[in-house]
Amino acid sequence: MIKYSINRGINKPMEFKGLKAQYIGYLAAGLGLTLIAFAIGYVMGMSMYSCLGVAVVLATADFVLVFHLSATYGEHGLMKKMAQNHVPVSVIIRSRKIFYNLIKS
């Protein structure tokens with residue numbers, strides 16, 4: 001008789017080395033931009049060691065920032081924080097036309 005294992009990880013967020021959800025993409029994008037910065041610097045004629053130093057600093061900063069954001073905000077917290085910035089403090093209505101139209105319909 002064949003035994004099939006049951007996948008118990010359904011509906012769990014994707015996680016890799018402690019990074020959850022969208023932070024994996026942020027880390028990949030940062031490392032990709034670091035690689036592009038290294039290539040542009042090297043093509044422009046900078047010394048390979050200076051390009052390597054810049055790339056190491058950028059990659060380290062990317063790792064530190066992304067892991068800090070993941071630990072601080074969690075899976076959905078950063079999106080909630082960014083959405084909170086778009087909510088107005090107050091709604092100002094300078095005309096009563098809106099309320100008159102509610103009564104008519």
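Predicted model: local features only at pLDDT ≥ 70, side-chain atom pairs only at ≥ 80, totals over all residues.

Biologist: How many residues does α2 have, and how far does it reach?

Modeller: α2 has 26 residues and spans 37 Å between its first and last C-alpha, close to the 38 Å expected at 1.5 Å a residue.

Biologist: What happens at the two ends of α2?

Modeller: At the start of α2, Ser47 brings a side-chain oxygen to within 3.2 Å of the backbone nitrogen of Tyr49. Just after α2, Gly74 has a positive phi of about 80 degrees.

Biologist: Let's switch to α1. Where does it run, and what is its reach?

Modeller: α1 covers residues 22–43, which is 22 residues. From first C-alpha to last it reaches 32 Å, close to the 32 Å expected at 1.5 Å a residue. Just after α1, Gly45 takes a positive phi of about 105 degrees.

Biologist: Which of the α1 residues are buried?

Modeller: Those are Gln22, Tyr23, Leu27, Gly30, Thr34 and Gly41. Looking down the axis of α1, its buried residues fall within an arc of 145 degrees, so they line one face of the helix.

Biologist: What do they pack against, and what sits on the face turned away?

Modeller: The buried residues of α1 pack against β2 (19–20), α2 (48–73) and α3 (77–84). On the face turned away from the buried side, α1 carries the exposed residues Leu35 and Val43.

Biologist: I'm curious about Gln22. Why does it count as buried?

Modeller: Gln22 has a relative accessible area of 19%, and buried means under 20%. Not counting residues up to four places away in sequence, Gln22 touches Glu75, Leu78 and Met79.

Biologist: What else does Leu78 contact?

Modeller: Leaving aside neighbours within four places in sequence, Leu78 is in contact with Tyr23, Tyr26, Leu69 and Tyr73, as well as Gln22.

Biologist: Which residues make up the largest nonpolar core?

Modeller: It has 6 residues in all: Leu19, Tyr23, Leu27, Val66, Leu69 and Leu78. At least two residues of this core come from each of α1 and α2. As background, nonpolar side chains tend to be buried together in soluble globular proteins.

Biologist: New topic, aromatics. How many aromatic pairs are there?

Modeller: The count comes to 3 aromatic pairs. In one of them, the rings of Tyr23 and Tyr26 have centres 5.9 Å apart and planes at 80 degrees, so this pair is edge-to-face.

Biologist: How are those two tyrosines placed in the helix, and are they buried or exposed?

Modeller: Tyr23 and Tyr26 are 3 residues apart in helix α1, separated by about one helical turn. Tyr23 is buried at 0% relative accessibility, whereas Tyr26 is partly exposed at 35%. Phe38 and Tyr42 also form an aromatic pair, and this one is stacked, with 6.3 Å centre to centre and 5 degrees between the planes.

Biologist: Where do Phe38 and Tyr42 lie?

Modeller: Both lie in helix α1, 4 residues apart, about one turn of the helix. An α-helix has 3.6 residues a turn, so residues three or four places apart point the same way. Phe38 is partly exposed, with a relative accessible area of 24%, and Tyr42 is partly exposed too, at 47%.

Definitions and conventions: Residues numbered from 1 in each chain as written. Heavy atoms only, no water. Expected span 1.5 Å × (residues − 1). Buried < 20%, exposed > 50% of the residue type's maximum accessible area, 1.4 Å probe, protein only. Arc of directions from axis to C-beta. Contact = heavy atoms within 4.5 Å. Phe/Tyr/Trp six-rings, centres within 6.5 Å; stacked < 30°, edge-to-face > 60°. Core = buried A, V, L, I, M, F, W, Y, C linked by side-chain atoms within 4.5 Å. Polar contact = N/O pair within 3.5 Å; in protein donor to acceptor, adjacent residues only side chain to side chain.
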